Amino acid sequence: MTMTTATLLVSCPDQKGLVAKISDWVFSHGGNILHADQHSDSTAGLFLMRVEWELDSFDLAREEIAPTFEKLAINIHAKWNIHFSDYVRRIAIFVSKQDHCLYDLILRQRSHELDAVIPVVISNHPDLEKVAHNFGINYHHIAINPENKLEQEKKQLELLNQYKIDLVVLAKYMQVLSPNFLSKFSQVINIHHSFLPAFAGANPYQRAYKRGVKIIGATAHYVTDELDEGPIIEQDVIRVSHRDSVTDLIRKGKDLERIVLARAVRQHLQNRVLVYGQSANSGLGLRTVVFD
C-alpha cells in the first residue's frame, strides 16, 4: 500500500540553520522525513530545499499545513509551495503533426510511469485525432494563423479550464504560445532539438547533416515569454558520425526527444523541480534545481 506524502519546495536567502529549522518544523508536528535534499546557489545567494515526509503520523490536517508553515516561511523570507502525493495531475498534450512524443507520453501514462491523467489532446492540425481517439482521449482541432491566434488561444484556455488541466505539455507543437496565453496559464513544458540556435527554423537535421555535426541532443524546459529561453528541466545528447544519414539523425533525434520530455514531465509530476531566479536586470535569469 502506497503511503501518502507531502513535499515542500523552499527557496530563500541563504543563512545559517535552515536545514535544522525546516526539518525541526516537520519533526515538531510528528512527520517522518523520507527524502530531503538541498542546494545553495552562491551566485544568487539562495538556499533551495526539497523535503518529503509521511502524512500518516503528521499532526496537522492538510488545510492546516500551509498556514502553519507560513509562520516559519515569513521568518526566513522564503518562497515555497507544497504538494501531496495522492493528488493526480491532469495533463493536456498540445501537438501539431509529429506523433512520436504523443505516443510515448500516452504509453508511459498507461503503464503508470507517469502518475497523471491525460484527458485531452489539443492540436492546430487534424492529423493526430485518430491516435488520441484510439486511446479514448478527447481531441480538439483548433486551427491557428496570425490573424486568429488570440481568438483561438482563448478557446484553448477555455478547454484547459473545462478539463481542469494542471500541466500543458508541448509535444512537438509547432506554434509559439503568446504572452497573453502564458499570463493565464504558466505551467507549460516544451521539448526541442539541440540544434538551436545554430540551426533554427525549418529542416534543422538536413542543415546539421551538411555541417557534419557530431553530437545531437534535446532540451525540455518550462515555457516563458522568451522563445525557447525558459528554465531548463532536462537535457541529453548522443554522438553521431559521418556514417549517419539525415534519416538516421532524425530517428536518433526523435528517440532522444521522447526520453528527455518524459524525464522532464516525470520530474515535474514528482515535484522535483524548483524554479528560481532574479529579475532580468540583475543578470540572473530563471534557473532550475532538479532534485534527485
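Tutor: Start with handedness. A crossing is right-handed if the near helix is turned clockwise from the far one by less than a right angle, and left-handed if anticlockwise. Keep in mind that this model is predicted.

Take α1 and α2. The crossing of these two helices is right-handed. Helix α1 covers residues 18-28, and helix α2 covers residues 62-76. Their axes come within 11 Å and cross at roughly 165°. Angles over 145 degrees count as roughly antiparallel. So α1 and α2 are roughly antiparallel to each other. Which residues make the contact? From α1 come L18, K21, I22 and W25. From α2 come I65, T68, F69, L72, N75 and I76. By class, this contact of α1 with α2 holds seven nonpolar residues, two polar and one charged.

Now turn to α3 and α8. Helix α3 is residues 100-110, and helix α8 is residues 246-269. The two axes come within 9 Å, with a crossing of roughly 45°. That angle makes α3 oblique to α8. Here, too, the handedness can be named: α3 passes α8 in a right-handed crossing. On the α3 side, the residues are H100, C101, D104, L105 and R108. They meet K254, E257, R258, L261, A262, V265 and R266 in α8. Sorted by class, the contact of α3 with α8 has six charged residues, five nonpolar and one polar.

Technical notes:
Residues are numbered from 1 along each chain as its sequence is written. This is a predicted model: local features need pLDDT of at least 70, side-chain atom pairs count only at pLDDT 80 or more; totals for chains, interfaces and linings use all residues. Side-chain values use heavy atoms; hydrogens and water are left out. Axes are lines fitted to C-alpha atoms, for helices over the stretch in contact, and angles run from 0 to 180 degrees between N-to-C directions. Helices (H or I, at least four residues) and strands (E, at least two) are DSSP runs, numbered from the N terminus. Angles under 35 degrees count as roughly parallel, over 145 as roughly antiparallel, 65 to 115 as roughly perpendicular and the rest as oblique. Contact means heavy atoms within 4.5 Å. Ala, Val, Leu, Ile, Met, Phe, Trp, Tyr, Cys and Pro count as nonpolar, Asp, Glu, Lys and Arg as charged, and the others, Gly among them, as polar.
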